[in-house]
Amino acid sequence: MHLPANMTGARHQTLGATTGSSSGTTITAGGSANTKGSYSSLGATSFAFEGFTVYFLNNVSTADFMIDIAVGSVGNETILIQDLYVSCRKATNFASVEIYIPVHVLHNQFMQVRCAASSASASAQIIIVGHSANPGGYPGFARAVPLFTAATSRGVAVDCGGTANTKGSWTEIIASTPVAIDALLCVIGCNGNVARTTQMNCIYDIGVGGSGSEYVLIPDLHMVWDANSDGPINVIHGPMACRLPSGTRLAARSSCNNPASDVAGRVFDIAPLGLVA
Amino acid sequence: MYQPNKGSGRHQSPLVAASASRGISVTSGGSPNTKGSWTNSGVDTLFDAEALSLQVFNGANSVDILVDLGIDDGSGNVFPLLSDWHPIAQNGAAAGSGIAIELPIHVPKGSRLAARTACSNASTGCGVNVTIHEGGLNGCPGFSRAIPLFTAASSRGVAIDPGGTANTKGSWVDMTASCPEDIGGMFGCIGSNGDVARSLTAARALLDIGIGAAGSEQVIYGNAGFAWTTTFDSPYMGIRIPPFACSILAGTRIAARAQCSYNTAGDRTFDLGLYGLVR
């Protein structure tokens, strides 16, 4: 029965908070653009986590970030979450992103975090709040894998197309999912464009199937952006339960309400993660 | 029974207004801070769902809004699934803010979802979109509904002042003196407390959620981190406390406190909405 875990009260442990500056633990990207830096340790888990919430803070960089979350001692890290994406934004904007990841972490494991960024040596801060139970008591997944190829520390560009409120063409996100997945976490970004001029509403579909014969798996997820935000920031959809076998082709398409007024601004990028049982 | 990864999972967005690339338009009441009428799309849900993604678009400048989501039985009765959800707006021209959150809430097959809103301005519109998911994560059944754990005033949450000493926790603030029902999970959202004229360049804050009587609070969720700048003039759009498990009995006092890297009065205060998941 699905009861128990949170019927007795869940515990929560915060790792990485730096109270002296009201911030988190600093992670620094590699010395070259789009290369992973060294791991930063957040500390050890006091009990087993069934999930955790990542709080990402960045006030110093306009870079795109790709984050790995791992467990293990220095030099013996095992990656649990690979290529968790946080989009760039204007220099004057402050990134603040919260992502719930229902992945199991054993008791007494050192949690380590590293990142790549589109700018060499860009840095940000990370806090993780671990949970001994998930809402409803379901067990955590084993890990999360990227369902895209991170070439420039961002996801796959999706163009809403030139006709207002009409879905554009399907864009392949991944030709073949590497493993079977049981849930999908869609992280959205601004595709490196921080010079948007127009407010846009946008809906997108996640589809599966061969090129030309895609069918909609998840329809009409919504987001909005404008000249202030310069992109769809802090847009996280999921995790959403959906079982896909390995080898599945994944695609996306979208529409927006104002594509002609800002042609470059109608493009966003998507970096989905698959949760693996 | 525990049903790992039940089926492949279907998904539906019954409130979408595809002709505008957003959710349905919902308008607040004719007076500030009063709820408008329930609005639905006329589309029923196609299957039992165990979770939903709520996506709200607030297109008005510098206003606070509250959104209710419910199930309309077609006879003038609406069963509330979530009340007083608080997406904020940002400052400036061409502003528009959005917030999306994933909630483990059950929606029966054949439901007609409806939404209504209140706003700090009269007769102001927002967009509400919902995507329902047939399966819960790892086959987990959804909760029956979510309830607010605060009393909304001026279409916003409860003001949390980190206090005048930078990087030091301020005083505990009552969210609710008495949790109205037993809850098995909690989530939240953070807003600007109506202040879109901040002067600071950047601020970071850490938030604690606690339970217990005044003076003897215990932290149940500590140091959730977030940030804001002048560009958004607030803890900017879409800052959420994602759902987390807890077991809190009816009658429990729930409180919050925070610290901030910036201690200028007025620039350091935010507002918080907390919600409880009910079985």
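Biologist: This is a predicted model. What makes Asp84(B) buried?

Modeller: Its relative accessible area is 13%, and buried means under 20%. The value of 13% falls under that cut-off, so Asp84(B) is called buried.

Biologist: Where does Asp84(B) lie, and which residues is Asp84(B) in contact with, leaving aside its neighbours within four places in sequence?

Modeller: Asp84(B) belongs to strand E7 of chain B, which covers residues 78-85. Beyond four places in sequence, its contacts are Lys35(B), Leu66(B), Val67(B), Asp68(B), Pro148(B), Phe150(B), Ala152(B) and Tyr275(B). Each of these counts as a contact because heavy atoms lie within 4.5 Å.

Biologist: Turning to chain A, how many helices and strands are there?

Modeller: Chain A has 19 strands and zero helices.

Biologist: Why is chain A described as being as compact as a globular protein of that length?

Modeller: The globule rule gives 19 Å for 277 residues, and the radius of gyration of chain A is 19 Å. The value is close to the rule, so the description applies. Along the principal axes, the C-alpha atoms fill a box of roughly 55 × 45 × 30 Å. Of the 277 residues in chain A, 63% are buried.

Biologist: In chain A, what share of the contacts between residues at least 6 apart in sequence join residues at least 24 apart?

Modeller: The share is 83%.

Biologist: What makes strands E14 and E17 of chain A a pair?

Modeller: Two strands pair if at least two bridges are found between them. Strand E14 (residues 200-208) and strand E17 (residues 250-256) of chain A have seven bridges, so they meet the criterion, and their sense is antiparallel.

Biologist: What is the strand order of the open sheet of four strands in chain A, and why do E12 and E15 stand at the edges?

Modeller: The order is E12-E17-E14-E15, with antiparallel pairing. Strands E12 (171-174) and E15 (215-225) of chain A each have a single partner strand, so one side of each is left without a neighbour in the sheet. On average, neighbouring strands of this sheet are turned by 30° against each other, direction ignored.

Biologist: What is the average pLDDT of chain A, and where does pLDDT stay under 50?

Modeller: The average is 91, and 92% of the residues score at least 70. Over residues 1-8 of chain A, pLDDT stays under 50; the model has 29 contacts beyond four places in sequence for them.

Conventions: Residues numbered from 1 in each chain as written. Chains lettered and ligands numbered in written order. Predicted model: local features only at pLDDT ≥ 70, side-chain atom pairs only at ≥ 80, totals over all residues. Heavy atoms only, no water. Helix = DSSP H or I, 4+ residues; strand = E, 2+ residues; numbered from the N terminus. Axes fitted to C-alpha atoms, helices over the stretch in contact; angles between N-to-C directions. Buried < 20%, exposed > 50% of the residue type's maximum accessible area, 1.4 Å probe, protein only. Rg over C-alpha atoms; globule rule 2.2 N^0.38 Å. pLDDT = per-residue confidence, 0-100.
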